[in-house]
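Some labels in a structural description rest on cut-offs, and a careful reader will want to see each value beside its cut-off. The questions below take such labels one at a time.

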Amino acid sequence: MTYNIIKPFKKLSSGESIISTATIILLLMLLWISSGSKYIPSPIQVLKAFPRLADKHDIVRNFGKSLGFCFKAMGWSILIAYSLALLSVLPLFSTFCQFLRKFRFLPSMGLSIFFLKLGNGYVNNQMLYMMVFGITTWMVDGMIGVALSVSSDEVMYARSLRMTRWAAMREILIYGKAAEMFRAVISNFAMAWMLLAAVENIAKANGGIGVVLAESNKYYKFEEIYCLQIIILIAGIVIDYALNKIRTWIFPYTNLKN
């Protein structure tokens, strides 16, 4: 164990992985406790902040609201991005779809007025459109990248089996690349989770964990800020783990190891 953890590319056993992870966490906790900064509350102060958040800000309800909103935006983004990924293999749309991949450099917050007008002045619609646009720009890049990874050899092989080009598209891209498309969804969930806090600040009356976080920042409640960040981080890790589990259930072959 002592030497294995510092050997490049060395595969650790499950027991060694647990020990090494626990060691890192312990070191981080010691650094946190010994920081002594007024901007970094102690772990005890952070823990005590949770009951206050639950009582004063109804953190459970706000978290549930944020989660539901995030998954709604993700659903629309997946539908749009997947449709564009399928279109990207058609010569008519190929160049246009590849150009859309560059839209990930365009911040959705800069188009807030446009989305407000698009939503007929309703802030709820504005928030949803901003979230969908922000997530989709990254989802499109990932999914179109998967679609364009289909090689000519794969197409030629399908054609040699007397498949039409549409049948080849179904077998190679829709069925064959489904697991990679799902991976693109998982990868972009972190982007959606990060964007959520910024978008929720547009309509503070609607609530959400992003609004609670902004209010804590406004009044310099550092223990609440850290508590909320930990909640958001843990929730993201749990959802990421759940999505990866779902992926292995739907596509068992992705869990095979060499």
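Q: Why is Glu-154 called partly exposed?
A: Glu-154 has a relative accessibility of 30%, and buried means under 20% relative accessible area, exposed over 50%, and partly exposed in between (1.4 Å probe, protein chains only), so Glu-154 counts as partly exposed. This is a predicted model, in which local features need pLDDT of at least 70 and side-chain atom pairs count only at pLDDT 80 or more, while totals for chains, interfaces and linings use all residues. Residues are numbered from 1 along each chain as its sequence is written, and side-chain values use heavy atoms, with hydrogens and water left out.

Q: What makes Glu-154 and Lys-177 a salt bridge?
A: The closest N and O atoms of Glu-154 and Lys-177 are 4.0 Å apart, and a salt bridge is defined as a side-chain nitrogen of Lys or Arg within 4 Å of a carboxyl oxygen of Asp or Glu, so the pair is listed as a salt bridge. Glu-154 belongs to helix 7 and Lys-177 to the loop between helix 8 and helix 9 (178–200), so the pair ties together parts that are 23 residues apart in sequence; helices here are DSSP runs (H or I, at least four residues), numbered from the N terminus. Lys-177 itself is buried, because its relative accessibility is 10%.

Q: How do you know that Asp-141 takes part in salt bridges with Arg-101 and Arg-104?
A: The side chains of Arg-101 and Asp-141 meet at 2.9 Å, N to O. Arg-101 is in the loop between helix 4 (91–100) and helix 5 (112–118), whereas Asp-141 is in helix 6 (residues 123–148), so this pair ties together parts that are 40 residues apart in sequence. For Asp-141 and Arg-104 the N to O distance is 3.4 Å, again listed as a salt bridge, and the two residues are 37 residues apart, with Arg-104 in the loop between helix 4 and helix 5. Eight salt bridges are found in a search of the whole structure.

Q: Why is Asp-141 called buried, and what is the class of Arg-101 and of Arg-104?
A: Asp-141 has a relative accessible area of 18% and is therefore buried. Arg-101, at 22% relative accessibility, counts as partly exposed, and Arg-104, at 22% relative accessibility, counts as partly exposed.

Q: What makes the contact between the side chains of Ser-216 and Glu-224 a polar one?
A: The contact is 3.1 Å, and the definition asks for a pair of N or O atoms within 3.5 Å, where within protein one must be able to donate a hydrogen and the other to accept it, and residues adjacent in sequence count only if both atoms are side-chain atoms. Ser-216 is found in helix 10 (residues 209–218), and at 1% relative accessibility it counts as buried. Glu-224 is also linked with Arg-52 and Glu-223 in a network of salt bridges.

Q: Why is Arg-162 called exposed?
A: Arg-162 has a relative accessibility of 80% and therefore counts as exposed. Arg-162 lies in the loop between helix 7 (152–160) and helix 8 (165–175), and has a positive phi of about 65 degrees although it is not a glycine.

Q: How many aromatic pairs does a search of the whole structure find?
A: The search finds six aromatic pairs. One of them, Phe-182 with Phe-251, is edge-to-face, at 6.3 Å centre to centre and 70 degrees between the planes. Rings of Phe, Tyr and Trp (its six-membered ring) pair if their centres lie within 6.5 Å, and planes under 30 degrees apart count as stacked, over 60 as edge-to-face and the rest as tilted. Phe-182 is in helix 9 and Phe-251 in the segment after helix 11 (222–250), 69 residues apart, and both Phe-182 and Phe-251 are buried.

Q: Why is the pair of Phe-189 and Trp-193 called stacked?
A: The ring centres of Phe-189 and Trp-193 are 5.8 Å apart and the planes are at 20 degrees, so the pair is stacked. Phe-189 and Trp-193 are separated by about one helical turn, because they are four residues apart in helix 9. Phe-189 is buried at a relative accessible area of 3%, and Trp-193 is buried at 10%. Together with Phe-63 and Phe-71, Phe-189 and Trp-193 form one aromatic cluster.
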